[in-house]
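Trainee: I would like to learn how to read a structure like this one. Please take me through it one feature at a time.

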Amino acid sequence: MSARLDVFALPSAGKVIKQFTALGRLVVESPLPAATRELVSLRVSQINGCAVCIDMHTKEATAAGESSVRLHLVAAWREATVFTEAERAALELAEQGTRIADGAGGVPDAVWERAAKHYDEEQLAALVTLIGFMNTANRLNVMLEQPAGDYRPGQFK
């Protein structure tokens, strides 16, 4: 299985993708906790059906010491007892921000307020940026049919 298009091999698209991945590195350097970043990235990717991003963020989280139990339960975080209240608020914001079209009016105030209880403005900005970044990355990868399974932790660092 191979991708429909190798965007890195195309002069114009390659420049855009390189800048886009640089943006992703800036989000990694944000004050948002690393575990939260990986859990949110994984959940957004699950919702969007992006296999290559699920592969990447599962392996990155595992390499960073995340437990397999928590990773397996991200898809059912509401019923799982293994997430902190802050992580639950971030996952809820990630779901609402990813499913904007499903909820007329965007992200409900109550969802935002729950996240704001646990994260300062810098972290909230990083969280919103991460959610937007992951949704864009997922859409690019799904459209291009990027294959999953071969990612190695740290590959894009």
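Trainee: How close do the axes of α2 and helix α3 come, and at what angle do they cross?

Mentor: Some ground rules come before the case. This is a predicted model, in which local features need pLDDT of at least 70 and side-chain atom pairs count only at pLDDT 80 or more, while totals for chains, interfaces and linings use all residues. Residues are numbered from 1 along each chain as its sequence is written, and side-chain values use heavy atoms, with hydrogens and water left out. Helices are DSSP runs (H or I, at least four residues), as are strands (E, at least two), and they are numbered from the N terminus. An axis is a line fitted to C-alpha atoms, for helices over the stretch in contact, and angles run from 0 to 180 degrees between N-to-C directions. Here the axes of α2 and α3 (residues 51-63) come within 9 Å and cross at roughly 160°.

Trainee: What does that make α2 relative to α3?

Mentor: Angles under 35 degrees count as roughly parallel, over 145 as roughly antiparallel, 65 to 115 as roughly perpendicular and the rest as oblique. By that scale α2 is roughly antiparallel to α3. The crossing of α2 and α3 is also left-handed; that is, the near helix is turned anticlockwise from the far one by less than a right angle, whereas clockwise would be right-handed.

Trainee: Which residues make the contact of α2 with α3?

Mentor: Contact means heavy atoms within 4.5 Å. From α2 come E38, S41, L42, S45 and Q46, and from α3 come C53, I54, H57, T58, E60 and A61. Sorted by class, the contact of α2 with α3 has four nonpolar, five polar and two charged residues. The classes are: Ala, Val, Leu, Ile, Met, Phe, Trp, Tyr, Cys and Pro nonpolar; Asp, Glu, Lys and Arg charged; the others, Gly among them, polar.

Trainee: At what angle do α3 and α7 pack?

Mentor: The angle is about 130°, with the axes of α3 and α7 8 Å apart. That makes α3 oblique to α7. V52, C53 and H57 in α3 meet M134, N138 and N141 in α7. This contact of α3 with α7 divides into three nonpolar, three polar and no charged residues.

Trainee: Which residues of α5 and α6 meet?

Mentor: On the α5 side they are E85, A86, A89, E92, L93 and Q96, and on the α6 side V111, W112, R114, A115 and H118. Six of the contact residues of α5 with α6 are nonpolar, two polar and three charged. The axes of α5 and α6 (residues 109-118) come within 9 Å and cross at roughly 145°, and the crossing is left-handed.

Trainee: How many salt bridges are there?

Mentor: Side chains of opposite charge can pair when their charged atoms come close. The rule used here asks for a side-chain nitrogen of Lys or Arg within 4 Å of a carboxyl oxygen of Asp or Glu. The count comes to nine salt bridges. One of them joins the side chains of E95 and R43, at 2.7 Å from N to O. E95 lies in helix α5 (residues 85-98) and R43 in helix α2 (residues 34-48), so the pair ties together parts that are 52 residues apart in sequence. R43, R78, E95 and R99 are linked in a network of salt bridges.

Trainee: Are E95 and R43 buried or exposed?

Mentor: Buried means under 20% relative accessible area, exposed over 50%, and partly exposed in between (1.4 Å probe, protein chains only). Both E95 and R43 are buried. Another salt bridge joins R70 and E66, at 2.4 Å from N to O. R70 is buried at 13%, and E66 is buried at 15%.

Trainee: How far apart in helix α5 do E85 and R88 lie?

Mentor: E85 and R88 are three residues apart, about one turn of the helix. Their side chains meet in a salt bridge of 4.0 Å, N to O. E85 is exposed, with 53% relative accessibility, whereas R88 is buried, with 18%.

Trainee: How far apart are R152 and E60 in sequence and in space?

Mentor: R152 and E60 are 92 residues apart in sequence and 8.1 Å apart in space, from C-alpha to C-alpha. R152 lies in the segment after α7 and is exposed, with a relative accessible area of 53%.
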